[in-house]
Amino acid sequence: MYVYILYSKTILKYYVGQTANIEKRVLRHNAGYVKSTKRGLPWVLIYKIKVHSMCEALLLERKIKKRGAKRYLDNQFGV
């Protein structure tokens, strides 16, 4: 399982999600199949982290969304 963060230069927004197949999921986002990201094409994968279970992925995704993706990334990379 992976937790990932995408960024859209078009709408200047982040998107946080979790998946078992990161490559396929990013392709689906950029093909316009995901309703919540359809408007911000193209999306760029800027962060991914591998976790051991779906439970762990859901908890981390929730934590990132609560904190905000930009703030989470700033804290991770010391910005």
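1. D74 is partly exposed in this predicted model. Its relative accessibility is 23%. The cut-off for buried is under 20%, so D74 does not count as buried. The partner of D74 is K70, and the two form a salt bridge. Their closest N and O atoms are 3.2 Å apart. K70 is also partly exposed, at 46% relative accessibility.

2. Where do K70 and D74 lie? Both are in helix α3, which spans residues 69-76. They sit four residues apart, about one turn of the helix.

3. How many salt bridges does the structure hold? There are two. Besides the K70 and D74 pair, the side chains of K65 and E61 meet in a salt bridge. Here the N to O distance is 3.0 Å. K65 and E61 belong to helix α2, residues 54-67. They are separated by about one helical turn because they are four residues apart in that helix.

4. Is E61 buried or exposed? E61 is buried, with a relative accessible area of 11%. K65 is partly exposed, at 48%. The cut-off for exposed is over 50%, so K65 does not count as exposed.

5. Next, the helix pair. The axes of α2 and α3 cross at roughly 105 degrees and come within 6 Å. That makes α2 roughly perpendicular to α3, because angles of 65 to 115 degrees count as such. From α2, the residues in the contact are L60, I64 and R67. They meet A69, R71, Y72 and N75 of α3. By class, this contact of α2 with α3 has four nonpolar residues, two charged and one polar.

6. Now the sheet. Three strands form an open sheet, and the pairing is antiparallel. Their order is β2-β1-β3. Which strands are at the edges? They are β2 (13-19) and β3 (43-50), and each pairs on one side only. From one strand to the next, the twist averages 20 degrees.

7. Strand β1 covers residues 2-8. Seven bridges join β1 to β2, and these two strands run antiparallel. Y2 stands opposite T19, a residue of β2.

8. What lies across the strands? Helix α1, residues 22-30, lies across β1, β2 and β3. The helix α1 runs at about 30 degrees to β1.

Terms used: Residues numbered from 1 in each chain as written. Predicted model: local features only at pLDDT ≥ 70, side-chain atom pairs only at ≥ 80, totals over all residues. Heavy atoms only, no water. Salt bridge = Lys/Arg side-chain N within 4 Å of Asp/Glu carboxyl O. Buried < 20%, exposed > 50% of the residue type's maximum accessible area, 1.4 Å probe, protein only. Axes fitted to C-alpha atoms, helices over the stretch in contact; angles between N-to-C directions. Parallel < 35°, antiparallel > 145°, perpendicular 65-115°, else oblique. Contact = heavy atoms within 4.5 Å. Nonpolar A, V, L, I, M, F, W, Y, C, P; charged D, E, K, R; others polar. Pairing = 2+ DSSP bridges.
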